[in-house]
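Take a walk through this protein with the structure open beside you.

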Amino acid sequence: MAVTIQELAERLGLSSATVSMALNGRPGVNPATRSRVEALAKELGYTGGRAAGARDSLCFFVYRRHGRVVADTQFFSQLIEAVENTARGMGYGLRLLYCSGTEELPAALQSVERSGAGGLLLLATELSEEDFAPFANLSIPVVALDCDLRGIGADTVLIDNREGLLLAVEHLNCLGHRQIGYLHSSFPIRNFEQRRQGYLEGAGRFGFAPVEFSLGPTLEESYQDMAALIAGGAVLPTALAADNDLIALGALRALKHAGIRVPQEVSLTGFDDVPLCLLSDPELTSAAVDRQALGSLAVRRLVERMQGEQCPSIKLVVPLSLSVRASACPPEGK
């Protein structure tokens with residue numbers, strides 16, 4: 001059985017990003033770590049994810065325009081693993097390529113062209129339509145993953161961001177909350193814009209005035225920003241829905257440190273349903289993203305294009321559900 005980047009990373013106690021950069025000769029990895037990665041890859045017979053009898057290879061291009069959202073988090077590591085497993089199961093090798101910022105992009109795209117890959121799966125979480133333009137000039141099919149890029153002339157595979165936030169608001173309303181706040185990321189991406197649309201739709205549907213708080217997109221930033229809001233005397237509603245789980249968990253920590261009981265005084269929901277939701281106290285209610293389905297669907301769509309399908313570009317949307325846990329309950333007195 002072929003070994004994967006994720007398995008190498010787990011054996012070495014490193015992130016999948018570090019392993020990929022080491023194997024692809026990218027800067028930013030110290031020599032000792034690079035040697036460890038290369039030695040284990042050789043020992044275990046790592047072949048770039050290619051299965052026996054592979055017909056072709058794919059490139060999974062992880063583009064970090066600013067790196068504030070796409071990071072070595074549970075969400076993205078599980079998505080990468082889903083892509084790698086699906087490609088291998090279909091008989092395709094997979095090259096995982098990281099690119100940080102526009103300055104690195106020309107050389108990275110040249111590397112893609114030289115690699116002989118038959119198609120490119122682009123993690124587009126941090127991209128805009130303008131950012132996609134260089135990818136449109138590639139000589140191989142491209143499928144964009146995890147962002148609703150409009151009018152780019154390529155297939156896109158994404159989740160229903162608006163519906164996910166609306167599910168959270170609807171759940172909180174059903175519990176009896178009549179004032180629901182929104183913890184939105186201070187660093188905007190298209191996914192968060194669509195989640196805000198879901199929140200505002202919920203406010204209109206259930207008849208409450210929107211109350212929004214801006215927090216940083218990482219655990220530490222959201223904790224610091226929420227702590228500052230509380231210290232500044234911010235009036236909190238009885239429930240809060242967050243743009244993602246990291247923001248929600250950072251806010252949860254700040255609320256608890258301030259002596260505010262969750263969920264008795266403030267109910268809280270997240271988005272993505274990463275494994276950390278089960279380790280928080282209380283466990284976090286979250287809009288659940290099926291990362292296996294998301295990654296698998298994107299690979300399968302790319303393979304269809306590589307095999308010559310000529311239909312117009314399409315948008316494939318993976319629905320969400322809500323994982324209900326102990327972080328949300330009816331407000332006190334209800």
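Start at Gly91. This glycine follows helix 4, and its phi is positive, near 85°. Keep in mind that the model is a predicted one.

Now step back into the helix itself. Helix 4 covers residues 74–89, which makes 16 residues. From its first C-alpha to its last it reaches 22 Å, close to the 22 Å expected at 1.5 Å a residue. Which residues of helix 4 are buried? Among them are Phe75, Phe76, Leu79, Ile80, Ala82 and Val83.

Next, look at the aromatic rings. A search of the whole structure finds 7 aromatic pairs. One of these joins Phe61 and Phe135. A pair of aromatic rings is described by the distance of the centres and the angle of the planes. For Phe61 and Phe135, the centres are 5.2 Å apart and the planes stand at 85°, so the pair counts as edge-to-face, for which the angle must be over 60 degrees.

Arg195 lies over the face of Phe271, at 3.8 Å from the ring centre. Arg253 lies over the face of Tyr223, at 3.6 Å from the ring centre.

Another arginine is worth a stop. Arg305 is in helix 11 (residues 291–306). Is it buried or exposed? Arg305 has 15% relative accessibility, so it counts as buried, the cut-off being under 20%. Its side chain reaches the backbone oxygen of Pro312 at 3.2 Å. Leaving aside neighbours within four places in sequence, Arg305 has contacts that include Pro141, Asp155 and Cys311.

Finally, zoom out. The protein has 11 helices and 12 strands. Its C-alpha atoms fill a box of roughly 65 × 45 × 35 Å along the principal axes. Of its 334 residues, 54% count as buried. A compact globule with 334 residues would have a radius of gyration near 20 Å, and the 21 Å of this protein agrees.

How values were computed. Residues numbered from 1 in each chain as written. Predicted model: local features only at pLDDT ≥ 70, side-chain atom pairs only at ≥ 80, totals over all residues. Heavy atoms only, no water. Phe/Tyr/Trp six-rings, centres within 6.5 Å; stacked < 30°, edge-to-face > 60°. Lys NZ or Arg CZ within 6 Å of the ring centre and 35° of its normal. Helix = DSSP H or I, 4+ residues; strand = E, 2+ residues; numbered from the N terminus. Expected span 1.5 Å × (residues − 1). Buried < 20%, exposed > 50% of the residue type's maximum accessible area, 1.4 Å probe, protein only. Polar contact = N/O pair within 3.5 Å; in protein donor to acceptor, adjacent residues only side chain to side chain. Contact = heavy atoms within 4.5 Å. Rg over C-alpha atoms; globule rule 2.2 N^0.38 Å.
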